[in-house]
Amino acid sequence: MAYPLAPTVPMAHGPRIPLIGLGTWPMQDEEAADAVAAAIEAGYRLFDTAENYGNETGVGRGIRRSGVAREDVFITTKFNKEWHSYDGAHRAFDASAARLGVEYIDLLLIHWPNPGQDRYVEAFQGLRALLDAGKVRAIGTSNFKPAHLKRLYDEGLTPHINQIQLDPEHTRADIREVHAEYGIVTEAWSPLGRGGPVLDNRLIVDLAAAYQRTPSQIVLRWHTQQGIVATPKSADIGRQKENINIFDFQLTPDEIDQISALDSGAPVGLDADEFGH
C-alpha cells in the first residue's frame with residue numbers, strides 16, 4: 001500500500017523539510033541500508049546521518065535500493081571538528097557526498113560547535129560558500145547554544161536549522177526563543193527522550209489512551225504541531241510506521257501546554273561547551 005508523506009515546514013531562504021525523518025544513529029551500514037529502504041516504503045523522505053555515525057554509505061545504499069528519485073528525498077549529514085575551516089567544510093562535503101553516492105546534499109550541518117577550538121565561524125563560512133555553489137540546498141548547525149548562534153549571527157551568518165536534543169522533559173525554551181528571533185528551524189534529536197521516563201509519564205499515557213494512540217505518537221505530535229522537525233530512530237518497520245502515522249489527529253493547545261510543562265529543568269545530557277567531535 002502507498003503511505004502518505006509527512007508534511008513539510010519551510011526554512012528561511014531554503015527548501016522545505018519534512019516534519020518527521022528517520023534518525024540512523026547508531027546503525028551500521030547494512031542495518032542503515034535496510035532501515036532506510038523500509039522507511040521510504042513507509043512514507044519517510046527525510047534521513048539523518050553524520051560522518052561520525054559511520055553509516056553514510058549505508059544510508060545512500062538504502063535510498064538507491066528503494067528506487068525513489070534522488071530529488072524526492074531529503075538527506076541530512078554532519079561533519080566533525082577536524083573540518084572546522086573554510087576549506088575543511090568543502091573537504092567534508094566531498095567526503096560525505098562520495099560516501100552517500102550523491103552529487104549534492106540537502107542539508108549539511110556542523111555537528112558540534114567545539115568552542116574551545118574556536119573555528120566554527122570559519123566552518124560556517126565554508127558552508128555558505130557550498131550553498132552559494134549549489135552543492136548543498138541548506139546549511140545549519142547541531143547542538144549550538146544561544147551564544148554560539150549569536151556569534152554566527154553577528155558575523156552575518158544564520159543557519160537554516162539547528163538540531164538539538166529536545167523532548168517534553170527538555171523543551172529548550174531559551175534556545176527556541178533564539179531560533180524564533182533569527183528565523184532558524186528547530187530540529188529535535190532523541191525527540192522521545194534519551195532513555196528517560198517521558199513515555200511512561202501519566203499525562204502522556206492518558207493522552208495516548210484518549211486518542212487511541214501510542215505514547216510515542218503523542219510526543220511526536222507535540223513536536224510537529226509546534227513546527228519542530230523530529231528524527232526518531234528505529235530500524236523496526238512497525239515502529240517506523242507508528243512514528244510517521246501522526247498527522248491525522250490534533251492535540252489541543254491546552255494539551256500542548258500540559259506536555260510542555262513536563263520540562264524537568266534538568267540539563268541535557270551533553271554540554272556543547274565541553275563535548276564535541
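**Close-up views of a predicted model**

**View 1. The loop that holds asparagine 143.** In this predicted model, asparagine 143 sits in the loop between β7 (136–142) and α5 (146–154). Its phi is near 70°, a positive value in a residue other than glycine. Most residues other than glycine have a negative phi. Asparagine 143 counts as buried because its relative accessibility is 7%, below the limit of 20%.

**View 2. Aspartate 118, a further residue with positive phi.** The loop between β6 (105–110) and α4 contains aspartate 118. This residue is not a glycine, yet its phi is positive, at about 60°. With a relative accessible area of 40%, aspartate 118 is partly exposed.

View 3. Proline 26 belongs to the loop between β3 and α1. Most peptide bonds are trans.

**View 4. The crossing of α1 and α2.** The axes of α1 and helix α2 (residues 56–66) come within 7 Å and cross at roughly 35°; the crossing is right-handed. From α1, the residues Asp29, Ala32, Ala33, Asp34, Val36, Ala37 and Ile40 take part. They meet Glu56, Thr57, Gly58, Val59, Arg61, Gly62, Ile63, Arg65 and Ser66 in α2. Classified by residue type, this contact comprises 7 nonpolar, 4 polar and 5 charged residues.

**View 5. The largest nonpolar core and phenylalanine 79.** The largest nonpolar core has 64 residues, and those with the most contacts inside it are Phe47, Ile63 and Phe79. Helix α4 (residues 120–132) gives the most to this core, with 6 residues. Apart from this core lies another, of 12 residues, including Leu19, Leu107, Ala138 and Ile161. Beyond its neighbours within four places in sequence, phenylalanine 79 is in contact with Glu51, His84, Ala89, Ala92, Leu108, Leu109, Ile110, His111, Ala123 and Leu127.

**View 6. Helix α9 and its N-terminal cap.** In helix α9 (residues 237–244), the buried residues are Gln240, Glu242, Asn243 and Ile244. The buried residues of α9 pack against β3 (22–23), α1 (29–41) and α8 (215–225). The N-terminal end of α9 is capped by aspartate 236, which has a side-chain oxygen 3.1 Å from the backbone nitrogen of glycine 238.

**View 7. Glycine 14 in the loop between β1 and β2**. Glycine 14 lies between β1 (8–10) and β2 (16–18) and counts as partly exposed, at 29% relative accessibility. Glycine 14 and alanine 210 are 196 residues apart in sequence, and their C-alpha atoms are 38 Å apart in space.

Notes:
Residues numbered from 1 in each chain as written. Predicted model: local features only at pLDDT ≥ 70, side-chain atom pairs only at ≥ 80, totals over all residues. Heavy atoms only, no water. Core = buried A, V, L, I, M, F, W, Y, C linked by side-chain atoms within 4.5 Å. Buried < 20%, exposed > 50% of the residue type's maximum accessible area, 1.4 Å probe, protein only. Helix = DSSP H or I, 4+ residues; strand = E, 2+ residues; numbered from the N terminus. Contact = heavy atoms within 4.5 Å. Polar contact = N/O pair within 3.5 Å; in protein donor to acceptor, adjacent residues only side chain to side chain. Axes fitted to C-alpha atoms, helices over the stretch in contact; angles between N-to-C directions. Left-handed = near helix turned anticlockwise from the far one by under 90°. Nonpolar A, V, L, I, M, F, W, Y, C, P; charged D, E, K, R; others polar.
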